[in-house]
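Thank you all for making the time this morning.

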Amino acid sequence: MSAISVEDHTTHVCELLQPLGNRPAEPVAVADALGRVAHADIVSQVDLPLFRNSQMDGFAVRASDVDTVPTSLRVIGTVAAGEAHKQSLEPGTALKIMTGAPVPEGADAIVPVENTTSASNDVIIDVSCEAGDYIRHQGSDVQRGMVLVRAGQCLEPRHIAVLAAVGLSHVDVIPRPRVAVITTGAELADAGTDLQPGQIYDSNGITLAALLRANGADVVAVLRSSDDPDVFRGVLASTVSAADLVVTSGGVSKGDFEVVKGVLQPMGGTFGSVRMQPGGPQGTAFIDGVPVLNFPGNPVSTVVSFVVFARDIVRSAAGLPPVPTRSVPLKNSINSIAGKRQFLRGSVQDGHVSLVAGPGSHLVAAMAWADVLVDVPADVTALDAGTEVSVVTL
């Protein structure tokens, strides 16, 4: 792949990853559905409340018996939540009733306990009421067949509450894309270990996994390969058998030990340069029916590559909306390199964006301090303060 534009490579990646969005619904337990996206409208199979019940602790009465107060009624029993009183309420009588308990036949109102006075086996009603007072009627909240959650809704705790209340044990959600991450390089070591001369900590595996999870993916593996082609082939084989997408970091440039490029190019992979900075070296492959995205190994290049080329596709596959871009004025003037689209790290404060550190692809601390990428077109070499620029949220 000779040097191409960001737009052309984005189109290529979209075509490669198109199968991610063509997967059947996945049933999950409502208890585990937080953060998942509804595959279709979720409809209630029951009324809510399921039956006529009391809104208050008090007494179930006939409203006509308490037109004139105070009045005394004989208490013939108690109805607790979870049980039903089978006997019909006769005129001149009352039933003590708890909140949520079924309202017995014959009763058409509830008198709150604070509006009564106890008197041996009777209750004195001190405040009159009307038919329907303090009664929750069947279906007054939800009716059978009502849509509770629309397709495409990301399920939050408030949605889980109503799904559980109507008794749903499972719901169909959009499946999360299963993604495996492979980092490459003989110089990489685990965090927390003592580094040998020439070694660095492997941050890209952890970073890519975090980016993927934050954007709706299910990360099934985070593996590392040396620069040995046979080792990489073995790691790759273990990931394509378990993932819908494999993302690699490193080994795609023009050096002597570019293991990803060396292994995948003879297998039909496409490698070359995109006219952007950082993140110029890029590659793609399709191995055993699984798309493989190959990002450069510099930490900032890896993050920028994911944000620019993969984030919205992964989000779409998971049923999530794209991350919007917006225009923000520059706080200070900036210069840019001609011929390459720049994605500069920036911070938005007080309605203006300022650059954070320089453009180097190794400046990972600057990425932590930034909250946006400033997108500078390839044909722009300088921008004045106050110029509106497109920013991409990190």
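What follows is a short walk through helix packing, a few residues and some backbone geometry.

Please keep in mind that this is a predicted model, in which local features need pLDDT of at least 70 and side-chain atom pairs count only at pLDDT 80 or more, while totals for chains, interfaces and linings use all residues. Residues are numbered from 1 along each chain as its sequence is written, and side-chain values use heavy atoms, with hydrogens and water left out.

Let me begin with helix packing. Two packed helices are described by the angle between their axes and the distance between the axes. Helix α3, residues 204-214, packs with helix α6, residues 299-317, at an angle of about 25°, and their axes are 10 Å apart. That makes α3 roughly parallel to α6, a term that covers angles under 35 degrees. For the terms, helices are DSSP runs of H or I with at least four residues, strands are runs of E with at least two, and both are numbered from the N terminus; axes are lines fitted to C-alpha atoms, for helices over the stretch in contact, and angles run from 0 to 180 degrees between N-to-C directions.

Which residues of α3 and α6 meet? On the α3 side they are N204, T207, L208, L211, L212 and A214, and on the α6 side P299, T302, V303, F306, V314 and R315, where contact means heavy atoms within 4.5 Å. Sorted by class, the contact of α3 with α6 has eight nonpolar, three polar and one charged residues.

Helix α6 has another partner, helix α1, residues 6-16, and the axes of α1 and α6 come within 10 Å and cross at roughly 35°. Here V6, H9, T10, V13 and C14 in α1 meet V308, F309 and I313 in α6, and this contact of α1 with α6 has six nonpolar, two polar and no charged residues.

N204 lies in helix α3 and, at 6% relative accessibility, counts as buried, which means under 20% relative accessible area, with exposed meaning over 50% and partly exposed in between, for a 1.4 Å probe and protein chains only. The side chains of N204 and T302 are joined by a polar contact of 3.3 Å. V314, in helix α6, is also buried, with a relative accessible area of 0%. Not counting residues up to four places away in sequence, V314 touches P177, L212, N215, A217, L245 and F306.

Is E105 buried or exposed? E105 is exposed, with a relative accessible area of 58%, and sits in the loop between β6 (93-97) and β7 (109-112).

Finally, the backbone. The peptide bond joining L48 and P49 is cis, with omega about -5°, and P49 lies in the loop between β2 (42-43) and β3 (53-54). The bond from V69 to P70 is likewise cis, with omega near 0°. Y134 has a positive phi, near 60°, in a residue other than glycine, and Y134 is partly exposed at 34%. D288 has a phi near 50°, is exposed at 69%, and is found in the loop between β20 (281-287) and β21 (290-295).

Notes:
Parallel < 35°, antiparallel > 145°, perpendicular 65-115°, else oblique. Nonpolar A, V, L, I, M, F, W, Y, C, P; charged D, E, K, R; others polar. Polar contact = N/O pair within 3.5 Å; in protein donor to acceptor, adjacent residues only side chain to side chain.
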